[in-house]
Amino acid sequence: MRKLIVKALKKPFTAVVFALIVGFILGAVALAVGGYDPVRAYNYLFTGVFSSTNRMMQVLVDAVPIIFTGLAVAFAGKTGLFNIGADGQFILGQITGAVIGYYVPMPPVLHPVFILLCAFTIGGVYAGLASWLKNRFGIHEVISTIMLNWIAYYFMIFIVNMKSVKVPGSQHSPEILSSAKINFFSREFRSTEEGMSFVDKYPLLKPFVQTDAGYAIILMIGVSVLLWVILKYTRLGYELRAVGYNRFAAEFAAMPVKRNAILSMFISGGVSATGGALLVMSTSYYITMLGASEGYGWDGIAVALIAGNHPIGCIFAGLLYAGLKFGGLEIQSRMRAPTEIIKIMIGVLVLFIALAPALPRLAERLDRKE
Amino acid sequence: MKQDPIESDVSAREPYAVEMTGISKSFGKLKALDKVDLRIRKGSIHALLGENGAGKSTLMKILYGLYTKDEGEIKVRGESVDIRNPKQAIKNGIGMVHQHFMLVQNMTIAENIVLGSELTKSLGRLDHARMNASISEFGKQYGLEVKPEDLIMDVSVATQQRVEILKALFRGVDILILDEPTAVLTPQEIDSLIVTMRRLVEDGKTIILITHKLKEIMASSDYCTVIRRGQLIDTVRVSDVTEKELASMMVGREVKLTTEKKKATPGETVLEIKGLTVKDNRGIPQVRNLSLHVRRGEILAIAGVDGNGQTELIEAVTGLRKAESGEILVNGVDIANGQPIDSHKAGIRTIHEDRQKRGLVLDFEVGENLILESYKDHRFTGRLNCISWKKVNEYACGQIDKFDIRPADCAEQPVKELSGGNQQKVIIARTVEQEPALLLACQPTRGLDVGAIEFVRNALVEQRDSGRAVLLISFELDEVLDIADRINVIFNGSIVADLDPEETNEQAIGLLMAGGGQ
């Protein structure tokens, strides 16, 4: 029995499953201590996510931005850099989406493409700046990107607060033009006669019509695969990983370490900002005064952690994270549990999943002791 | 098996300091130790000899309570004991000094030694004056003099080792296990360590020495137990055997302790260094107006004690450090003050002294490490101008076979799982394959066992024979004398002598290394 457990723990996948189980058990303890029946709570959690295709699609839609920030953190992480500034880069992406989406009229397909290119570049340069500061002055990227987060945060508030931007009587910028929106079906379509009969005719497409699902999902999968291919198969990816694991050996093997550090952060920041622009183009349509405090970048750190910095893993980690958050809301509304309890539960789960990579080593120790 | 000589040396009434019987230990499928017996005579220096991974450290970690044994019995001073952790080991009078020291860098020597049993004044304030005085006195008693008030981070490695030994003695230990104690020391420091060990033994302590260096065993030990692949091979009186016999016992086959080579036929000059001065991080010149040259088809060895400018010289040649003045000409092109890429382009390839920091990406697979400097090569290019891992693995399998890297199916295994000797083979396979104009080998056999050393030295001679220039930087005099075609002695950042190995000897070079030539 013990041997079996040790063997199972050594495999990364079973380690994650094991961590999930332990996480759920401890999450249950947290719920019970708070005075809430964990069995009922988990029941709501699961039905909250899986009881309808619409709900599942909503989780996928919710997952897209944090998968992007997760990818950003993971990519930088693979190359030995800790991009804590994914949040700031994400915010710049949101600003880019909202501003160009409203002020620069363009034809439909071109408009989102142009926004994405701008967002990627702006986010990339912003993150690359942190790498440049490190190369030039030796300032650690963790410090500089945290500072840059605050600059982005207040910049967003500044932009929204501008007289020419803020919609009178509201706390947000004007809604972007419909040419910049990238949902499969527009929101208006849902409530039209035509839309309702369309859903009746094609029930399988219902979740595509009745949620904010859009091309962002396809782009998310594409970017994940692309980043994975870059890391695994290209020379650049090989160099970046070498620098990430051991920059001294990479330097000695005559790889351009400093240039790669900037490039890595550029890509990372670009990916994060893309996520921000996509959120504006598919869900929020504008930026708000308080929108900056939603912390997509921080969720991305958790996602990258769970995924062990693997780009494809980020998709699943993001879905898990978004699912927990979405299902958590269900517990909250059904059982009147305070947000804090839900957050503790999610926190415990994430903590244990984050510990999963350590489990194989733990198993080794267990094996050795016996 | 022959009769254990210790049995006949020890009188019946005197108990063994340590007696381990039938010790077995497995890690998963790997049998690390298989029914090993070990008897240690009180008041002796007993060497444990074996290749890397033979099981000698495992055996001692069991004695020190870091591992638990699968089966077997341990007696200390004739009494059966069950040691489950280092605390119990120390209670039983057993101490261990690890290869990697466990000292608090920003505390003083005295504070490190007394850690856990500090002397205090009223209100629990530390009594530094009394602690320093007692440590100073304590050190003198064993001939291990230290300055108690120095910070660990400011003192040399050799001093740190003394502190580790004192730490063990301070806790009342009388059986001392030293794990590869000389790996980090210079020749002089090794001599001084051996003197210390002798003195401790005269004082009634018992020392178990884990090592794979034959010379030190011959110079220091009374008995030697040889372990190979987890099996006890034999225990011998050191005075009864030769170095060569010990080597064959350890490796399990005949080993040549000297490298066979033809006379060198040097060609034109490949590397010429003229008046090079290099400063270290503190701005102190470590290489001072140094000049040397290496020709095709010869091995030039730079002999010298660690810290005489070798590190800065290597860094300047490989593009990691700026030169204050002077030229580094490779085939006539000056690469001083360049980047690593310039050194590479000039045809220099380096076996770095710190293979885990500079030579390998430990988390990379063996295949990935083998292409670390040639990943841009079209040989490894597949579809869409990407790296074809299939081609890399095929290449890696070929190299693994050619250079006898073990295990034989390690192409897709992280290089960190390989032994030190095999890691070095990976570096050599990679370096040699690129047919460098100049091969810079820095301490290429550091920490390797006899079998691997033989391999590395032969590889260097092969490189020379195929017409490359080889620059060897080594702190080990016998290595220098073994394979060099020409010896330059470095002292205080300058070359103080250019010698023909045929016309010199260890004593003469040793004197020059210590600055005696000036």
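Guide: Let's go from confidence to chains, strands and single residues.

Visitor: How far can I trust what I see, and what are the scores?

Guide: Keep in mind that this is a predicted model. Chain B has a mean pLDDT of 87, with 98% of its residues reaching 70 or more. Among the elements of chain B, helix α1 (residues 5–9) has the lowest mean, 77, while strand β11 (residues 269–279) has the highest, 94. For the model as a whole, ipTM is 0.79 and pTM is 0.78.

Visitor: How many residues does each chain bring to the contact between A and B?

Guide: Chain A puts in 16 residues and chain B puts in 23. On the chain A side, the elements giving two or more residues are α12 (235–245), α13 (247–252) and α18 (359–369). That side of chain A splits into 9 nonpolar, 2 polar and 5 charged residues.

Visitor: And how is chain B divided into domains?

Guide: There are domain 1 (5–93 + 174–251), domain 2 (103–172) and domain 3 (270–513). In chain B, the C-alpha centres of domain 1 and domain 2 are 27 Å apart. Their contact uses 11 residues from domain 1 of chain B and 9 from domain 2 of chain B. On the domain 1 side, helix α7 (residues 187–202) of chain B gives the most, with 4 residues. That side of domain 1 divides into 6 nonpolar, 2 polar and 3 charged residues.

Visitor: Which residues touch the most other members of the largest nonpolar core?

Guide: That core has 255 residues, and the ones touching the most other members are A:Ile67, A:Leu71, A:Val303, B:Leu63, B:Leu438, B:Leu471 and B:Leu472. Helix α4 (residues 53–78) of chain A supplies the largest share of the core, 14 residues. Take A:Leu71: leaving out residues up to four places away in sequence, its contacts are A:Val223, A:Ser224, A:Leu227, A:Val271, A:Pro311 and A:Cys314.

Visitor: Now sheets. In what order do the 4 strands of the open sheet in chain B come?

Guide: In a regular strand, side chains alternate between the two faces of the sheet. Here the order is β2-β1-β4-β5 in chain B, with antiparallel pairing. β2 (30–40) and β5 (79–80) of chain B are at the edges with a single partner strand each, so one side of each has no neighbour in the sheet. Strand β1 (residues 18–27) of chain B is joined to β2(B) by 7 bridges, and B:Ile23 sits opposite B:Val36 in β2(B).

Visitor: What do β11(B) and β12(B) form?

Guide: They form a hairpin with 5 residues between the strands, and B:Gly283 in the turn has a positive phi of about 90°. β11(B) runs antiparallel to strand β12 (residues 285–295) of chain B, and 7 bridges join the two. To find your place across the pair, look for B:Ile273 opposite B:Leu292 in β12(B).

How values were computed:
Residues numbered from 1 in each chain as written. Chains lettered and ligands numbered in written order. Predicted model: local features only at pLDDT ≥ 70, side-chain atom pairs only at ≥ 80, totals over all residues. Core = buried A, V, L, I, M, F, W, Y, C linked by C-beta atoms within 7 Å. Buried ≥ 20, exposed ≤ 12 C-beta atoms within 10 Å, placed from the backbone. Contact = placed C-beta atoms within 7 Å. Domains from an automatic or database assignment. Nonpolar A, V, L, I, M, F, W, Y, C, P; charged D, E, K, R; others polar. pLDDT = per-residue confidence, 0-100. Pairing = 2+ DSSP bridges.
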